[in-house]
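Subject: Two-chain model, handover and findings

Hello,

The structure is below, and my notes on it follow. Please read them alongside the coordinates.

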Amino acid sequence: MRLQRLQINGDRIEVAAPSHWTLLEVLRYRLGLTGSKQGCDKGDCGACTVLIDGKPVLACLTLSALCEEREITTIEGLLPAHLRSGGTGPDPVQDAFDRCGALQCGFCQPGMMLSARALLNENPAPSRAEIKDALAGNLCRCTGYTQIVQAVELVVAEAAGSEPEPPAWAPNANPWKNGCAKNGHEEPPARATDNGEGA
Amino acid sequence: MLRLPKFELENPTTVAEAVALLARHGDDAQVIAGGTDLVPNMKHELFTPDVVVSLAGIAELRGVCVRDDGTVCIGAMTTLDDVAASEPVRARALAVTQAAALIAGPQLRRMGTLGGNVMLDTRCQWYNQTHFWRQALGFCLKKDGTLCHVVEGGGKCVAAASNDTAPALMTVGAVLVFHGPDGPREVPIDDLWHPDGIYNKKVRGELLTEVRIPPRADDGTRLLGAYGKLRERGSIDFPLFGVAVRLDVDANDTIQDADLCSVALQARPVRLKKMAELLRGVTLGSDAFQDAVATCAAQAAKQCRPLANVPGDADYRHAMVPVYVRRTLLAAAAGSGPVHHI
């Protein structure tokens with residue numbers, strides 16, 4: 001057991017955890033941040049993806065004690081980070097996944113969205129091949145990936161002010177055209193996930 | 001849910017400290033670099049060390065540099081992502097950057113390191129499983145048991161070397177630098193392995209600190225290379241078969257030297273025999289080159305005998321050997337690659 005000083009979603013957190021605990025265990029079972037999912041628990045599925053210093057890595061294979069002085073972002077921190085940077089509403093990635101129906105069971109979504117967010121931060125206009133490449137470490141057993149790739153393309157298109165390519169199932173009546181009715185998200189509270197004090 | 005067994009974590013900041021810790025704890029210690037293989041293996045109780053020595057805090061082990069004499073030095077803790085994107089490594093060893101870019105998935109390449117891939121434990125479908133799974137089968141030769149499930153009655157472990165960068169580094173004659181209590185020493189990568197699946201390295205208790213790619217001979221040839229990887233999915237998976245190619249061609253596109261090495265067959269990466277003599281003197285793009293490539297592919301199929309050690313049907317993997325050798329040779333000649341089917 002040792003005291004670990006972690007920086008998670010912009011909060012400085014002191015947490016006591018054994019040396020052999022992974023970051024995923026500390027997030028879920030010490031801090032109550034259950035957004036990062038425990039899937040295969042051995043590096044296959046990507047459900048536990050978090051951002052460390054802005055880059056997607058797997059929390060299930062990362063020793064928590066080695067994460068001190070690193071900046072950790074979990075799915076709970078995606079919206080607050082967007083708001084802190086002056087945005088309103090949900091992060092465009094979250095919004096696009098919602099509008100495109102890029103999920104069914106939702107288990108892969110936290111990791112999928114963090115991988116997508118990191119890609120877009122690094123490369124605001126990725127090609128379809130680059131999107132697929134960036135999401136290759138996140139497995140989804142429901143969607144068949146089509147809507148997930150579409151959602152990322154929607155973010156890219158809307159950010160550039162261009163018209164997104166229509167999905168294959170509606171080639172003539174592009175549902176994404178003209179910013180078609182964004183879902184009526186209520187304005188989230190300024191600090192939607194104040195998770196600093198532990199479970 | 002897979003939990004790690006208990007251990008104490010050491011986080012040294014210099015190579016000297018890490019070497020001292022390894023000397024003090026001996027076989028009770030394990031080195032952790034990126035952790036992408038060691039952590040699942042510890043969760044499977046394949047390793048239950050008392051002490052885990054992390055290299056994450058040793059800054060001197062990261063990064064790529066080029067020396068005045070042209071030697072490319074890659075720190076053992078350089079991530080696979082950084083190796084794949086490294087221009088000096090690409091210029092000197094195209095197959096190495098291509099192999100690094102095909103390892104696992106994006107998250108794992110950001111965590112996993114070149115040193116970790118070189119020193120990767122051998123893999124087998126009867127070994128890389130949970131304790132519960134292995135116990136149900138009566139364990140195996142490599143860990144806790146006396147029975148080999150791959151070769152009936154086999155007394156020698158045939159778990160497969162599964163590190164994509166190893167054959168690629170072999171084709172360019174890489175040299176490994178190990179630090180032990182007596183200081184650093186150089187080991188040619190060909191001399192690192194021996195064909196024992198239980199532990200396929202001749203080095204024990206020393207720390208791999210650097211991978212060096214020696215300068216090319218100044219003979220006017222240029223380097224071509226490619227890596228081909230057979231795997232089940234487009235990401236994540238270890239190789240079912242891997243082959244690295246190096247071709248040295250002169251100004252007339254005539255092959256002066258060639259080297260082909262493969263992985264995921266047996267306990268060590270293996271050099272394919274007779275390839276240089278089949279390809280030497282042949283000009284790229286000629287009919288003779290097409291013939292030589294076909295002969296090399298047929299030769300490789302004779303030499304490579306995949307076993308039921310890693311996932312994937314052994315007969316299918318055997319049928320894919322000539323296909324991947326042919327495609328990877330053609331990719332090297334065309335300056336394309338890597339070769340993979342997904």
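**Inside chain A**

Between domain 1 of chain A and domain 2 of chain A there are zero salt bridges (a salt bridge being a side-chain nitrogen of Lys or Arg within 4 Å of a carboxyl oxygen of Asp or Glu). Three residue pairs are in polar contact between domain 1 of chain A and domain 2 of chain A, both residues at pLDDT 80 or more. A polar contact is a pair of N or O atoms within 3.5 Å; within protein, one must be able to donate a hydrogen and the other to accept it, and residues adjacent in sequence count only if both atoms are side-chain atoms.

On conventions: this is a predicted model, in which local features need pLDDT of at least 70 and side-chain atom pairs count only at pLDDT 80 or more, while totals for chains, interfaces and linings use all residues. Residues are numbered from 1 along each chain as its sequence is written, chains are lettered from A and ligands numbered from 1 in the order in which they are written, and side-chain values use heavy atoms, with hydrogens and water left out.

The domain assignment of chain A gives domain 1 (2–74) and domain 2 (90–179); such bounds come from an automatic or database domain assignment. The C-alpha centres of domain 1 of chain A and domain 2 of chain A are 25 Å apart. Their contact (heavy atoms within 4.5 Å) takes 16 residues from domain 1 of chain A and 10 residues from domain 2 of chain A.

Domain 1 of chain A and domain 2 of chain A bury about 920 Å² between them, with 67% of it on carbon and sulfur atoms. Buried area here is the accessible area (1.4 Å probe) that two parts lose on being put together, summed over both. In domain 1 of chain A, the residues that lose the most area to domain 2 of chain A are A:Lys37, A:Thr49 and A:Leu51, together 37% of what that side buries.

Strand S3 (49–52) and strand S4 (55–58) of chain A are the elements that give two or more residues to the side of domain 1 of chain A that touches domain 2 of chain A. Helices (H or I, at least four residues) and strands (E, at least two) are DSSP runs, numbered from the N terminus. S3(A) provides the largest share of that side, three residues. By class, the side of domain 1 of chain A that touches domain 2 of chain A has five nonpolar, eight polar and three charged residues. In this scheme Ala, Val, Leu, Ile, Met, Phe, Trp, Tyr, Cys and Pro count as nonpolar, Asp, Glu, Lys and Arg as charged, and the others, Gly among them, as polar.

Over all chains the structure holds 25 salt bridges. One of them joins A:Arg128 and A:Glu153, whose closest N and O atoms are 2.7 Å apart. A:Arg128 lies in helix H5 (residues 128–134) of chain A and A:Glu153 in helix H6 (residues 146–160) of chain A, so the pair ties together parts that are 25 residues apart in sequence.

The mean pLDDT of chain A (pLDDT being the predictor's confidence in each residue, from 0 to 100) is 88, and 87% of its residues reach 70 or more. Over residues 183–189 of chain A the pLDDT is below 50, and this stretch has 10 contacts in the model beyond near neighbours in sequence. Where pLDDT is low, the predicted coordinates should not be read in detail.

**Inside chain B**

Chain B is divided into domain 1 (8–55), domain 2 (64–120 + 160–213) and domain 3 (222–334). Domain 1 of chain B and domain 2 of chain B have C-alpha centres 19 Å apart, and their contact takes 11 residues from each of the two. The area buried between them is about 930 Å², of which carbon and sulfur atoms give 83%. B:Val19, B:Thr36 and B:Leu55 supply 44% of the area that domain 1 of chain B buries against domain 2 of chain B, more than any other three residues.

Between domain 1 of chain B and domain 2 of chain B, the count is zero for salt bridges and zero for residue pairs in polar contact.

**Between the chains**

The contact takes 27 residues from chain B and 32 residues from chain A. Chain B and chain A bury about 2400 Å² between them, 62% of it on carbon and sulfur atoms. The interface has two salt bridges; A:Glu25 forms one with B:Arg3, the closest N and O atoms being 2.2 Å apart. H6(B) gives the most to the side of chain B that touches chain A, with five residues.

Regards
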